[in-house]
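Let's take a walk through this model, starting with the overall fold and ending at a single residue.

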Amino acid sequence: MPFFTLEYERADLRARLAALAVEVKLLRWAHALRRRRGVLWWKDKDGDVEGPGDTDDGPSRVWGQVQYAQSGDLPRDHNGPPGGPLPEEILPVEKPVGPGKVAPALRDAASLSPEIGIVGVLLVAPWMAAYEATIRSYNDPAKPLAELQADVGEPKAGYDDHHVVEKASAKEDGFSNEMIDSRDNLVKIPRMKHWDINRYYTTAQEELGGVSPREFLRGKTWQERYDFGINTLSRFGVLNP
Amino acid sequence: MTTARLASLSERALKGRFLDLAISQHRAVAELDSKRANEIYALMEQVSQELKARPGDQRRELIDLLSHPNAWVRFKAAVHTLGIAPVQARAVLEEVSNQTADPLCRAYARGSYDAVVAGTFPQK
């Protein structure tokens, strides 16, 4: 290898390491700042919101606290400043084990990434590197239908092809594969939104009389299913109508 | 919990039960466990029906939860109080479906809110 190429690569590596070191310092600084502002608060098992000044035995982490801390849904009766737990208290350092445990962690990462950057997320939870594209795509803004249809059929990291008229129930009701897999019925959407929407179709909803969308759509026309699918994409922040 | 056991609980305890179920359902939905979410859905219905059956329609106990810090709890409380506090419940549904930062919660609440606006939400 020519000498100048080697020197160039060394310089490039040094620059990358320096950038990473700066990022780590900024991250630590941001954490320290948030600590100083005393933004940690939790709800104890009795449902009382505790701030950092409480003289209890320490925070009792009840599921859901992270969600409303970072979502901005702060307790309205909380007198402390806004904020939430630190990234390392939100993101699991090791990949969670068990069905369904990864998805909430990835959603938390997507929610945090605009604040601390994807590098910040990966510094806390390196296992998420395998899901980087999935985390990034979750924050995509809603797009027009034509844009969602443009990349159908092309592999794209962090995205899946999604059927507007749900495939399983349409097949059960005898709609043809040609209709189900037609270009008009397919959109390319962020992978985690795809997961969320698929599960939504099998979850009971009050507005549908206590049945899931899949059950609700049974026996409905293609157009009714299509309209429902389009509304669902809009509700999940994928489609900009 | 059986219906008979629910009947023995105070309104305050039923409200606590509803709150616990709402938080568990939020977790089930976040973990993509629709089977568990549906089981919890049925249990929440039982609690709501038990409160409704009591003299004076005690679902009013759930009105407190319309200001709970967890957006999913507010959303579920709103759905179950539409019949007794429609203006307040509708405002909460609108707030959750438009403003909360949790995209899952927003999406689910939006379905209910759209049905309320369209006048197709089933009477409870």
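Helices here are DSSP runs of H or I with at least four residues, strands are runs of E with at least two, and both are numbered from the N terminus. This is a predicted model, where local features need pLDDT of at least 70, side-chain atom pairs count only at pLDDT 80 or more, and totals for chains, interfaces and linings use all residues. Residues are numbered from 1 along each chain as its sequence is written, chains are lettered from A in the order in which they are written, and side-chain values use heavy atoms, with hydrogens and water left out.

Chain B has six helices and zero strands, so its pattern along the sequence is simply α-α-α-α-α-α. Its C-alpha atoms fill a box of roughly 40 × 30 × 25 Å along the principal axes. The radius of gyration, taken over C-alpha atoms, is 14 Å, which agrees with the value near 14 Å for a compact globule of 124 residues (the rule is 2.2 Å times the number of residues to the power 0.38). Of those 124 residues, 55% count as buried, meaning under 20% relative accessible area with a 1.4 Å probe, protein chains only.

Now zoom in on E31(B), which sits in the loop between helix 2 (11–30) and helix 3 (34–53) of chain B. E31(B) counts as buried because its relative accessibility is 14%. Leaving aside neighbours within four places in sequence, E31(B) is in contact (heavy atoms within 4.5 Å) with G100(A), K101(A) and P104(A). With K101(A), the E31(B) side chain makes a side-chain polar contact at 3.0 Å, that is, a pair of N or O atoms within 3.5 Å, where one must be able to donate a hydrogen and the other to accept it; residues adjacent in sequence count only if both atoms are side-chain atoms.

Notes
Buried means under 20% relative accessible area, exposed over 50%, partly exposed in between (1.4 Å probe, protein chains only).
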